[in-house]
Amino acid sequence: MTELINVESPVKIGNSDRDCLEVHTTHSINLEFTSRCNLRCVYCSVSHPDYVGQDLTCIEDFHAFVKDLKARNVRHICINGTGETLILKDWRSYCQQLLEAGFSLTLISNFAREMDQEDYDTLARLTQINVSCDTVDLKVFRKLRRGGDFRMLVYNMARVRAAACANGNMMPRFGWTCVVNDQNILDLENYVATGISMGVTQFAFNNLSKISDLPHAESFNHVCEMPQERFYEALGALERALKLIKKFRVEICCESGFLDSINARVNMDQAKSEDVTTQTQVKELAQWKVATSVGIAYSVSPKSGQTRDCLDPWNYAIVRADGNVSPCCQREPVGSLASGQSINDILNNFSIKRLRQNLLSGDLDEGCRFCVSRPLTDCGTLQDKVRRHLA
């Protein structure tokens, strides 16, 4: 049983004198300017009929907020959230203030709207732009990313590059992020080849979680739900895409839940085919699909002594458009700027200290147990990693 501790008291690891629960530096912040979106992707919570987005209005003095971020030694800001930043009227003003303050900026965008030259000139000043793009097939693109058109995405990428050239800027790096599912995985090699030909230098293969009650939820599934023959055909497509990425030496990030669930499915299939495994053992091998409070997560749950290999509560935070602050994209808020608290106060309050302690001890709640992004590790390894991170 996990020993309960007082998170208000310093907690040290090994011979370190550093309190591992108190953190005054955040390497990276995700900042959401709006949670409204101009697309209705079939797997996204925005597609729910009752979804209502909002703009960032709770930070009355954005200049003071920028100073608070500098005080926490934030190095990098990713402009991203549930919504689409580029539909917000004041997005350029926010970006310009952050750029002038010296932050390195990354934007995640669907690149679905028509833009003007001022938009392209501002985007050309960013360090990186990650474009949400699930497929290069025009029909499948429209099916998955309702309201979007792959051709507009291509045009906007070209215009940003042209603006960087014309203005003498260092050209932003482009990445593509893809929620891999049964509708797009078989064309993944073509997806990667097209991206590389367009100058994409980073790909992210994200795990699919199915949210309950979404319209059209029956139109797509996790790769692990595919019939056996199609599943192994999909694995071949994934392998060819990864070989192409390696050949051209571009970056790849695969969410751990995606790879873990695939490996668990393969192990389960092998156990069944060998016919030497008990039904109980097969059931244990099949634990790559779990019901959560919001739907279905595809992830392998930790065993005793394990935790998530995750430093997010120590070096990362998300600031939502409503002012809520979360330690990652899958967890409930630990505080709110709308209540008058500072970002520094929130990132050292009781809630986030308890989360840090739970990760270190392996006493994980639902959010961490069923995480689709971070791999599993043993508690000692994470403790060593935190100690080195804080040194």
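**Chat about a predicted model**

Me: What does I77 stand opposite in strand 4?
Reply: I77 stands opposite L105 there. Strands here are DSSP runs of E with at least two residues, helices are runs of H or I with at least four, and both are numbered from the N terminus.

Me: How is this model numbered, and what kind is it?
Reply: Residues count from 1 along each chain as its sequence is written. The model is predicted, so local features need pLDDT of at least 70, side-chain atom pairs count only at pLDDT 80 or more, totals for chains, interfaces and linings use all residues, and side-chain values use heavy atoms, with hydrogens and water left out.

Me: Which way do strand 3 and strand 4 run, and how many bridges join them?
Reply: They run parallel, with four bridges between residues 76-79 and residues 104-109. Two strands pair if DSSP finds at least two bridges between them.

Me: What sheet do the strands form?
Reply: An open one of 10 strands, with mixed pairing. The order is 10-8-7-5-4-3-1-14-15-16.

Me: Why is one side of strand 10 and of strand 16 left without a neighbour in the sheet?
Reply: Strand 10 (251-254) and strand 16 (335-336) stand at the edges, so each has a single partner strand.

Me: What does helix 6 touch?
Reply: Helix 6 (residues 188-197) packs on the sheet, touching strand 7 and strand 8. Contact means heavy atoms within 4.5 Å.

Me: New topic. Is V66 buried or exposed?
Reply: V66 counts as buried, because its relative accessibility is 7%. Buried means under 20% relative accessible area, exposed over 50%, partly exposed in between (1.4 Å probe, protein chains only).

Me: Where is V66 found, and what does V66 touch?
Reply: V66 is in helix 1 (residues 62-71). Leaving out residues up to four places away in sequence, V66 touches L98, A101 and F103. The C-alpha atoms of V66 and A101 are 7.6 Å apart.

Me: Which residues touch the most other members of the largest nonpolar core?
Reply: F33, F111, W176 and F205, in a core of 75 residues. Such a core is a set of buried Ala, Val, Leu, Ile, Met, Phe, Trp, Tyr and Cys residues joined through side-chain atoms within 4.5 Å. Helix 7 (residues 228-247) gives the most, with seven residues.

Me: What is the average pLDDT of the chain?
Reply: 89, and 89% of the residues score at least 70. pLDDT is the predictor's confidence in each residue, from 0 to 100.

Me: Where does pLDDT stay under 50?
Reply: Over residues 1-5, for one. Residues 276-286 are also below 50. Where pLDDT is low, the predicted coordinates should not be read in detail.

How values were computed:
Axes fitted to C-alpha atoms, helices over the stretch in contact; angles between N-to-C directions.
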